[in-house]
Every structure is written in C-alpha cells, then in structure tokens.
Amino acid sequence: MRTRLFLLLFVMAGLVVAFAPLPVPAATPQAQTFRMEAGQFAYSPSELHVNPGDTVTIQLVSTDVVHGLYVDGYDISIEADPGQTMTLTFVADKPGSFRFRCNVTCGAMHPFMIGKLTVGTNNLLFRSVGLVALAVMGVIISIKQKT
Amino acid sequence: MAKIELTRGPFIKNALKSRYPQLAVFVIMLVGYIFAILAGLTGTPVGSRNFSIVFVWIAWWAILILVAVPFFGRGWCAVCPIPLPGEWLQRGSVLAPHDKRPKWLNLRVPKIFRNIWLQNISFLLLALFSSVLLTSPNITGIVLAVMLFGAIGLSTIFERRAFCRYLCPVGGFIGLYSQTAPIELRIKDKQVCATCEGKPCYNGSQAGYGCPWDVFPGGLTRNTYCGLCMECIRTCPHDNIAINLRPFSADLAKPSTRLDEAFKAFIMLGSAMIYAGVLLGPWGVLKDAAYNVGTNAWFIYAVIFLAIIFVILPGLFTLGILQTKSILPLKRRFASLATALIPIGLMFWVAFSLSFVLTNASYILAALSDPMGLGWNLFGTANAAWQPMLTSVLAPAQTLALVGGLIWSARTAQKAANEVKVSSIPVIVYCLIATLVMLWLLL
Amino acid sequence: MKRSELLSRILIMLAIVGAVGTPLYVWSQTPLVHAQMSENGGWNPDILRVEVGKPLHLKLTSDDVMHGFAIGQMDVDAVDVEPGKVTQVTLTFDKPGIYTFYCTRWCGLNHWRMRGTIEVNGSNSEPQPASAPLYVSLNLDIDAPHDAPSVPNDQPSAIRGQGLATELPLDLSAEYYRSHSPYQAFIDLSNTSLTEAQRWDVVAYLWRSNTTKESLANGRQRYTQNCAACHGENGAGDGVFADDLKAAGDSSAQTMAGAQDMKMQTPANFSNPTRILGASPALLQGKILRGGMGTGMPMWGAIFAEEQIWDLIAYIYSFQFEYHK
C-alpha cells in the first residue's frame with residue numbers, strides 16, 4: 001500500500017516537473033543580427049542565443065561552396081553561394097533549443113553540419129534533468145525501503 | 001508476469017518450421033544486400049542519394065535499433081543475408097539437408113576466439129571510421145562486400161556460422177542487447193532434453209542442421225547467442241522448443257559475469273555518447289577530426305575515443321564500485337554490475353538514432369525511386385524534398401527514452417547488485433551521470 | 001536432388017543475377033557527365049564532341065557539392081547540377097568550333113578552373129579569326145602598375161558632373177572612354193576652368209554616359225555571381241576567398257620569371273581609387289579576358305561575351321563614382 005502511494009507521488013511529481021508552466025522572464029524583444037559563416041562542415045558561430053520574441057536576422061556567408069541553413073522547429077531555410085550573403089529573418093516565438101543544419105548537399109559530412117539555436121532557456125533540458133533526478137531519488141528510496 | 005508461448009498455436013509454429021517463408025525472406029534480403037553493394041560501388045558518390053547509404057544507415061539502422069533489437073532481440077539475425085551464401089555452400093543445400101554433404105573443413109573455431117572480443121574489435125574498427133563509412137557509398141559497399149565474402153570464406157573453413165557468432169560487428173551488440181527483448185527461444189521441459197539421445201538440436205538430423213550458432217538449445221538461459229534461425233525447432237524430435245513472449249529484460253535478472261560482454265557494454269555506451277557529441281553537436285573541429293582519417297587530428301580523435309571506452313568509462317565505473325565492500329573478486333563484481341549498463345546503452349542508441357533518422361528519413365523516398373543517382377524515377381518520388389520529420393516530437397521522445405533507460409538500468413543494477421551482494425548505489429549514480437551527459441549532448 | 005531444392009536454387013540464382021546484372025547493365029548504359037570540384041578532378045569527361053546542327057543530349061550530375069552548367073558566349077540558360085541528381089540538357093550548335101562549358105555555382109577556391117570543352121565538328125568552312133581585343137591594339141602592358149598619380153578627395157558624382165558638363169566640348173564616344181583611364185580624362189580636362197573636384201565630377205559623368213542603368217544592373221549581377229566571392233560583395237578585395245588566395249600565394253613558389261607580383265595574392269580592391277582611376281576600360285577588359293597569369297585572377301575570355309564584359313567594367317567603376325541617387 002505504501003509502495004503504491006510512493007509510486008503515485010513520484011508519478012505526480014514527474015508530471016509536474018515535465019509539464020508545469022515555468023515563469024517566462026520578462027525580457028523586451030529586440031532585434032538581433034548575426035553574421036554567420038558557413039564552411040565545410042560547420043557554422044561560425046555555431047551556437048546562437050536569443051530571447052523569446054526577438055526578431056532574429058541571420059546573414060549567411062558561405063565561405064567555400066553553396067551551403068544552406070535550415071532551422072529545426074521553425075521549418076525555415078535559406079541558401080547562400082560564396083560571394084552572395086543571404087539573409088534570413090524570423091521572430092523567435094518558440095522557446096527552447098533548436099538545431100539548425102545545412103540543407104544543400106555540400107560534401108560528405110553534410111548531414112552532420114549542425115549548429116544550435118537557443119531561444120530563452122532550454123527548458124526541456126532542465127525538465128529532463130529534473131525527471132532524471134526524481135527517477136534516481138525514487139529508485140534509491142525504494143532500495144532503502146527494501147533493506 | 002508469466003511467459004506466453006507464441007509457438008503454441010499451429011499457425012506460428014508451422015510458419016516458423018517451414019523453410020519456405022524463411023527462404024522467401026532470405027532471397028529478398030540477399031537481393032537487397034547485393035544491390036546495396038553494387039549501388040555503393042557504382043552509383044553516385046553522394047550518400048544522401050545512394051541506396052547503400054540510405055537503406056543501410058538510415059532505413060535498416062532505424063528498424064534495427066528502434067524495432068528489431070528492443071522488441072525482437074536478435075530478430076535481425078533471423079533474416080540477415082550475410083551468412084546465407086556461405087551456409088548454402090557449407091550445407092550443400094538451400095532447404096532441408098541432403099544425404100550427401102559436401103566435405104568442407106568444418107573446423108571448430110579455436111578456443112581463444114570463442115568469445116566476443118573479436119566482435120568488440122570489429123565494431124570498434126567500424127566505429128573509428130564511422131564518419132567516412134556512414135557518408136561514403138563506396139566504403140559502405142566495400143564493407144558490406146567484405147562481410148559477405150568474409151562470411152563465405154569462414155564457412156568453408158570453420159563449422160557452423162563462424163562469422164555470425166564470432167566476428168560480426170553487428171552481432172556483438174545485438175547479442176548483448178537482446179537480453180532486454182520481450183521474446184526468447186527456450187526449451188519447454190529440461191527433463192525431456194536430459195533423456196534425449198543424440199541431441200539433434202546441436203548435432204543435426206535429417207530434418208535440419210545442428211545449431212549454426214554453436215549453442216546447445218537445451219542449455220539456453222539467455223538470448224545473447226541464439227540467432228533465432230529456427231533450425232532447432234525443426235530438428236527437435238520431442239517438440240520441446242518454444243518461442244515465448246516474456247517481460248522485458250528478463251535475462252538481466254541473472255547478470256552475466258563475462259568480461260568481454262562487460263566491455264561490449266562500455267563500448268556501446270561510450271560510442272553513443274561520442275557520436276552524440278561529434279556528429280550531432282555544433283563543434284566542427286570534432287567532425288573534421290573524425291572524418292579526416294589519417295591526419296594527426298584523426299589520430300588524436302581515435303586515441304581519445306579508445307581512451308574513453310577502455311580507460312575512462314570502465315575506470316570511473318571501477319572506482320565507483322571499489323567503494324563497496326565485498327568478498328567477491330573485483331572482476332566478478334565489475335562484469336556483473338556492468339550488465340546494468342545494458343538498458344541505458346540501448347536507450348542511448350535509440351535516442352541518438354532517433355535524431356538522424358527522423359531528420360533524414362525523407363531520403364528513403366528518393367532512394368527508392370533513384371537508388372543509384374542515375375536519374376531514374378521508379379516510383380515517382382525521386383524529387384521528394386528533404387524534410388525533417390516529427391521534429392517537435394523528437395526532443396521529448398529522446399527525453400522519455402533516456403529517463404526510461406535510466407530507471408530500467410537502476411532496476412537492473414539493483415538485481416545485479418543483489419547477486420554480488422553489494423550496494424547498487426554507485427552504479428546508479430554512474431548511470432545518472434552518464435544520462436545527464438547524454439541529455440546535455442542531445443537536447 | 002529434390003524438386004523443391006532445385007527450384008529454390010534456380011530462384012536464388014535468378015535473384016542474384018538480377019540483383020547484380022540489372023544495376024550494372026543500367027549503369028553502363030547511362031553515360032553521365034560528372035561535375036566535381038576542381039580539387040577532385042573537375043568535369044568528367046571534360047571534352048565532349050558533337051556534329052554541327054545535331055543535338056547533344058547531356059545528363060549532368062554532381063559527385064560532391066552544388067554545381068552549375070553553362071556554355072561560354074552562348075545564350076543558353078545556366079542549369080544547376082545538384083549532388084546525386086541528374087539534370088538533362090540538350091544543346092545544338094550552329095557553328096563549328098571549340099566551345100567552353102563551365103561551372104556556374106561557386107564550388108570552392110578553384111571553382112573558375114572547372115571548365116571543359118565541346119568540340120563541334122561540321123562544315124568545312126574556315127574558322128574565322130577573332131579580332132584582337134582593344135588592349136592589344138592599343139599596345140597596353142596590362143601587368144604594369146597603373147596607379148593614378150592623384151585621386152579625388154571625395155567620391156566624384158556624375159549627377160554634379162552632368163550639370164557642369166553642359167558648356168564643355170566633351171568627347172563622350174565609346175572610343176575615347178574605352179581607351180582612356182579616368183585619370184587621363186581628368187588630365188584632359190585641365191584646360192578648363194573647373195576645380196579638381198569638379199573635373200572629377202565631369203569624368204564621372206563621362207563614365208556614366210557610356211553605360212545605361214540596364215547595363216549596370218547586368219554588370220552587377222555578373223559581378224555578384226562571378227567576382228564577389230574573391231573581390232568582395234562591396235568590391236574591397238575582401239571576398240570569402242581573399243585570405244585563401246593570399247595564403248596559397250605565400251606558400252607557393254610559383255612566380256613568373258622573377259615577377260613576385262605574379263603569384264597568387266589578395267584580389268584587387270575596386271574601392272581603392274589610386275588603382276582603379278588609373279586603369280582604362282581597355283586595361284580592365286584585358287585583365288578580365290586574359291586573367292592574372294598566376295595571380296589567381298581567372299581568364300574570362302572564353303566565357304563572357306564582349307558586351308557582358310563592358311557591362312561588368314561599367315559596374316566596377318561604379319564603386320568609384322556616384323552614378324545615380
């Protein structure tokens with residue numbers, strides 16, 4: 001009976017950690033511009049950080065061959081030839097961590113040409129860490145109970 | 001939860017006993033495999049538009065790691081085409097045995113190789129070159145051909161499926177992870193085997209061949225080395241062999257104490273984490289190092305890769321378990337507790353694979369219509385655009401897999417720790433830290 | 001042998017032969033023209049042959065990155081040649097000769113070297129000799145330095161120049177424009193009562209009169225697609241390959257008969273008045289046609305038609321002069 005209660009408690013705690021709405025920091029959205037170089041097989045800078053609601057402009061400069069930029073989650077993309085900087089502008093209305101990747105085959109390692117865009121905080125990562133900690137706590141408690 | 005015998009009803013049992021359904025699947029797989037070799041060697045060098053890369057490293061890999069291994073254990077081995085030409089030559093038949101068998105050497109594999117160390121090494125060889133292998137059709141074609149002809153060669157020298165049991169890089173890890181699967185092949189009644197004369201399940205008979213996997217079915221207690229080839233179901237004169245549905249990871253209740261298997265667990269854990277960082281991370285310098293085989297950067301990458309797998313991960317693990325006091329030798333504790341790494345290892349691979357499979361699965365449509373990049377359009381999908389799938393679901397799915405894997409490993413650690421009479425806490429903490437690292441790398 | 005065994009063996013053999021034979025056969029029947037980065041071999045094959053008047057069907061594919069295909073000095077739309085995909089092109093040539101095909105999407109530092117030839121055989125008419133380009137008939141040494149001894153302090157404006165030029169006896173002909181550098185035109189105006197700045201404005205106006213808005217737009221597009229990668233999107237010699245060119249030059253021992261300045265180097269800076277105002281259109285045309293002889297500047301003679309080169313040159317001067325508001 002007690003085990004059932006603990007299990008229920010942990011499941012509920014898990015649901016809270018996974019789904020409870022987190023306070024959104026009140027940052028005023030601004031316009032941010034990034035000059036991003038793309039070369040085989042990485043972006044520079046390869047990690048971008050913006051706040052939710054920002055209007056993000058990425059100037060894609062290809063430095064060797066034709067590259068693209070596709071943003072997971074936002075499903076938007078551009079491609080740029082060397083010598084022709086192309087611009088992608090969007091509003092970062094979805095918070096979280098998103099990978100961006102090349103969508104013009106640019107050589108062997110093209111499928112792994114990846115960067116990371118973080119809008120606000122990577123809440124999913126924190127929730128996962130919370131769930132993991134909760135899970136381990138639960139397991140250790142159940143071990144202690146048995147011994 | 002009890003076991004449910006799937007072969008109780010005649011439909012499934014006869015479908016498995018008959019050689020024809022199996023042969024049909026074999027032919028399809030062999031044709032696909034050979035075509036993959038040829039497409040790799042003669043088709044376009046662009047991986048995303050070549051059948052060999054798309055169907056081996058995206059389609060087949062996805063089915064293997066997301067479906068076949070977690071749910072069917074060594075189910076892939078049941079249909080794999082690699083051993084077939086060699087085995088048909090070795091047996092002198094593609095269906096039931098003949099009276100006259102061809103005289104091949106049929107040597108027993110030397111004792112020193114009868115473990116999975118060769119498989120650990122063959123997997124690591126592929127792993128160190130994986131960036132090149134996964135992206136170059138001709139390299140994939142060559143590796144597939146080498147495995148096929150290697151298996152044929154070994155079949156003419158050694159008995160049974162020597163390649164599959166002792167050399168195949170894939171078999172090494174799906175054997176280890178098959179312990180988590182909810183199906184198994186076991187005998188029904190030990191007494192029947194005790195009084196069985198001749199043991200045709202192992203030695204063969206007119207109805208079928210002795211176990212190609214060099215396993216005595218009567219002694220099978222875990223899935224690791226049974227390739228689900230169904231020969232023993234055909235040869236057993238007492239109908240004493242069954243395929244059962246059972247709880248997940250039932251085999252891990254009695255953990256193995258083999259060192260080769262323990263290191264396999266570390267190899268898989270380490271390589272999943274390294275790939276998550278190198279291939280899916282934003283650090284271009286790592287990708288260059290991994291891809292440019294032969295350069296100084298690659299040597300450093302290879303050394304670090306091997307150091308993580310053979311020194312850092314097992315070393316930290318050993319430090320952790322040294323804390324606990326026990327009368328049992330360290331080696332036994334190490335190997336036994338390392339089985340707890342099997343569930344998280346599997347889930348690490350599931351989480352890692354989900355990312356590149358969902359991102360690139362759309363290539364499958366194009367590869368079906370234009371498998372060699374020659375401008376065909378067999379099914380009208382040759383110009384299907386690249387479009388990542390289910391991207392909003394990916395990160396939560398990875399989280400579920402990793403958290404679920406951790407809980408699963410923690411429970412496995414408990415059982416393993418009970419067997420060797422130590423605390424499971426160090427192993428659980430180890431799994432926790434590994435999971436946190438993997439979450440950070442993937443999310 | 002039992003019948004089932006025999007049939008099974010036949011089935012397997014047929015399946016294997018099919019699996020091996022079909023792709024090999026089709027592959028051998030599909031001649032492709034492979035596009036590869038220059039560093040990986042360039043076009044393969046790089047010599048194609050056809051009879052005059054007969055259609056040439058080409059199946060183009062890229063083996064590595066995004067490429068393009070076009071024929072030099074022919075009014076044929078460029079097509080993209082995508083990695084792993086096949087692009088079909090049919091060409092018909094009216095005149096015999098050797099045509100150059102080239103890559104139209106930047107594919108690395110040596111993109112411009114990615115060229116091949118199409119030999120069109122046919123009628124027995126004699127090949128017509130081409131006329132010598134202007135720099136040859138003017139006897140210009142296009143490798144000699146051409147710095148303008150003095151330059152304007154501010155950017156000259158053709159709009160202001162237009163107002164000033166009404167009273168002047170200006171030679172707005174193409175012959176004068178093409179054979180004189182802006183500095184020379186500036187000197188030729190010294191017999192007027194204008195200030196130096198005003199004379200530069202008139203030169204700007206003279207330069208603008210020898211082109212049109214449409215030509216400038218064409219020149220701009222040609223520049224963006226062919227020149228910006230090295231010379232920079234704003235003409236400052238700071239394109240994405242500028243550093244690589246300099247590094248290649250520094251590490252190479254390639255010099256032309258002791259001429260250090262003929263090794264690979266940073267591309268010319270078109271926003272540098274000293275260098276550009278001292279160069280006549282004929283000189284720039286010479287450099288574009290003939291290339292840089294080891295400096296890394298490509299030779300475009302087989303690629304661009306004459307009108308296209310004049311448009312490009314007009315655009316290059318627009319880095320120096322203000323033409324329109």
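Modeller: Start with A:Arg101, which is buried because 23 other C-beta atoms lie within 10 Å. The cut-off for buried is 20 or more other C-beta atoms within 10 Å of the residue's own, 12 or fewer is exposed, anything in between is partly exposed, and C-beta atoms are placed from the backbone. This is a predicted model, so local features need pLDDT of at least 70 and side-chain atom pairs count only at pLDDT 80 or more, while totals for chains, interfaces and linings use all residues. Residues are numbered from 1 along each chain as its sequence is written, and chains are lettered from A and ligands numbered from 1 in the order in which they are written.

A:Arg101 sits in strand S8 of chain A. Strands (E, at least two residues) and helices (H or I, at least four) are DSSP runs, numbered from the N terminus. Leaving aside neighbours within four places in sequence, A:Arg101 is in contact with A:Tyr70, A:Met113 and A:Ile114. Contact means C-beta atoms, placed from the backbone, within 7 Å. A:Gly68 is 33 residues from A:Arg101 in sequence, yet 7.5 Å away in space, C-alpha to C-alpha.

A:Phe100 also belongs to strand S8 (residues 96-101) of chain A. A:Phe100 is buried, with 27 other C-beta atoms within 10 Å. With neighbours up to four places away set aside, its contacts are A:Leu69, A:Tyr70, A:Val71, A:Asp72, A:Gly115 and A:Leu117. Take A:Asp72: the separation from A:Phe100 is 28 residues in sequence but 5.7 Å in space, C-alpha to C-alpha.

Next, a sheet in chain A. Four strands form an open sheet in the order S2-S1-S4-S7, with mixed pairing. Strands S2 (42-44) and S7 (86-91) of chain A are at the edges; each has a single partner strand, so one side of each has no neighbour in the sheet. Neighbouring strands here are turned by 30 degrees against each other on average, direction ignored. Strand S4 (residues 55-62) of chain A pairs with S7(A) in the antiparallel sense over six bridges. Two strands count as paired if DSSP finds at least two bridges between them. One bridge joins A:Ile58 to A:Leu88 in S7(A).

Now to the interface with chain B. The contact takes 28 residues from chain A and 35 residues from chain B. Strand S9 (114-119) and helix H2 (123-146) of chain A each supply at least two residues of the side of chain A that touches chain B. The largest share of that side, 11 residues, comes from H2(A).

After H5(B) comes B:Gly92, with a positive phi near 70 degrees.

B:Phe348 touches B:Leu269, B:Ala272, B:Met273, B:Gly405 and B:Met438, not counting residues up to four places away in sequence.

Chain C meets chain B as well. In that contact, 22 residues of chain C face 22 residues of chain B. Helix H1 (3-29) and strand S3 (55-62) of chain C each give two or more residues to the side of chain C that touches chain B. H1(C) provides the largest share of that side, 14 residues.

Last, a sheet in chain C. Five strands form an open sheet in the order S2-S8-S7-S4-S5, and the pairing is mixed. Strands S2 (47-51) and S5 (79-81) of chain C stand at the edges with a single partner strand each, so one side of each is left without a neighbour in the sheet. Strand S4 (residues 67-71) of chain C and S5(C) pair in the antiparallel sense over three bridges. In S5(C), C:Val81 stands opposite C:His67.

Notes
Contact = placed C-beta atoms within 7 Å. Axes fitted to C-alpha atoms, helices over the stretch in contact; angles between N-to-C directions.
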